[in-house]
Amino acid sequence: MQELLEKIYRNDDQLAFRQLFLQYSDRLIVFAASLLPSREEAEEAVSDVFVKIWQQRENLSNVRNLNTYLYTAVRNTAYNYRTSAGRMPEILTGEHIQVSVNAMAASPEDMLISKENLRKIESAINLLPARCKLIFRLVKEDGLKYREVAEILEVSINTVNTQMAIALKKLGEVIDIRQHFGWME
């Protein structure tokens, strides 16, 4: 990934920038949609982030963790959208988030889960409290580390750990997901 960033800030490589956009835009839009009231605003916020990245691409040389950098930039842009629209700036609730377990199924073993179990899991995830659901999605669907999620959401790693434990406990009550995803040992 560092190589891709170098192409962008050293060579003004538009193809590398397009690759970066394509690799991250969908999941960043989903994240922004969990912070803003409409998908259109989420798409606009993510577009604004990428425009700003291109305009200030020389600053990419300072980026050490691209995941944290991008998610934080989207979070801050969503915060600015809410503030400028006269809405409360408390955006990190994840109130609009919907989680799809199909996006998390990566291996053939995961795909053996019956449709009924998938429906139960999705339903249980979507019933989680908003903050818990947001943290769960960032960790399990987007593959972020607890430390990255804590930094993006400006909470402690302990909070992320606690919220993940709550999520897994509630999901475990619906179906024994440990068996299907290997999330807990």
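This is a predicted model: local features need pLDDT of at least 70, side-chain atom pairs count only at pLDDT 80 or more; totals for chains, interfaces and linings use all residues.

Trainee: OK, how many helices and strands are in the protein chain?

Mentor: Nine helices and zero strands. Along the sequence the pattern reads α-α-α-α-α-α-α-α-α.

Trainee: And what share of the residues is buried?

Mentor: Of the 185 residues in the protein chain, 44% are buried. As for contacts between residues at least 6 apart in sequence, 66% of them join residues at least 24 apart.

Trainee: On to the core. Which residues in the largest nonpolar core touch the most other members?

Mentor: That core has 51 residues, and the ones touching the most other members are Leu20, Leu28, Phe31, Phe50, Leu138, Val149 and Leu153. At least two core residues come from each of H1 (2–11), H2 (14–33), H3 (39–55), H4, H5 (115–126), H6 (130–141), H7 (146–153) and H8 (157–174).

Trainee: Which helix gives the largest share?

Mentor: H2, with nine residues.

Trainee: Where does the core lie relative to domain 1 and domain 2?

Mentor: Between them, because domain 1 (2–84) and domain 2 (115–184) both contribute residues to it.

Trainee: Pick one of those core residues for me. What does leucine 138 touch?

Mentor: Skipping residues up to four places away in sequence, leucine 138 touches Phe31, Tyr71, Gly143, Leu144, Val149 and Leu153.

Trainee: Switching topic: at roughly what angle do the axes of H2 and H4 cross?

Mentor: Roughly 45°, and the axes come within 10 Å.

Trainee: Left-handed or right-handed crossing?

Mentor: H2 passes H4 in a right-handed crossing.

Trainee: Which residues make that contact?

Mentor: From H2 you have Leu20, Tyr24, Arg27, Leu28, Phe31 and Ala32. H4 brings Leu66, Asn67, Leu70, Tyr71, Val74 and Arg75.

Trainee: Last one: where is threonine 68?

Mentor: Threonine 68 is in helix H4, which covers residues 66–84.

Trainee: Does threonine 68 count as buried or exposed, and why?

Mentor: Buried, because its relative accessibility is 4% and the cut-off for buried is under 20%.

Trainee: What is threonine 68 in contact with, leaving aside neighbours within four places in sequence?

Mentor: Glu148, Glu151 and Ile152.

Methods: Residues are numbered from 1 along each chain as its sequence is written. Side-chain values use heavy atoms; hydrogens and water are left out. Helices (H or I, at least four residues) and strands (E, at least two) are DSSP runs, numbered from the N terminus. Buried means under 20% relative accessible area, exposed over 50%, partly exposed in between (1.4 Å probe, protein chains only). Contact means heavy atoms within 4.5 Å. A nonpolar core is a set of buried Ala, Val, Leu, Ile, Met, Phe, Trp, Tyr and Cys residues joined through side-chain atoms within 4.5 Å. Domain bounds come from an automatic or database domain assignment. Axes are lines fitted to C-alpha atoms, for helices over the stretch in contact, and angles run from 0 to 180 degrees between N-to-C directions. A crossing is left-handed if the near helix is turned anticlockwise from the far one by less than a right angle, and right-handed if clockwise.
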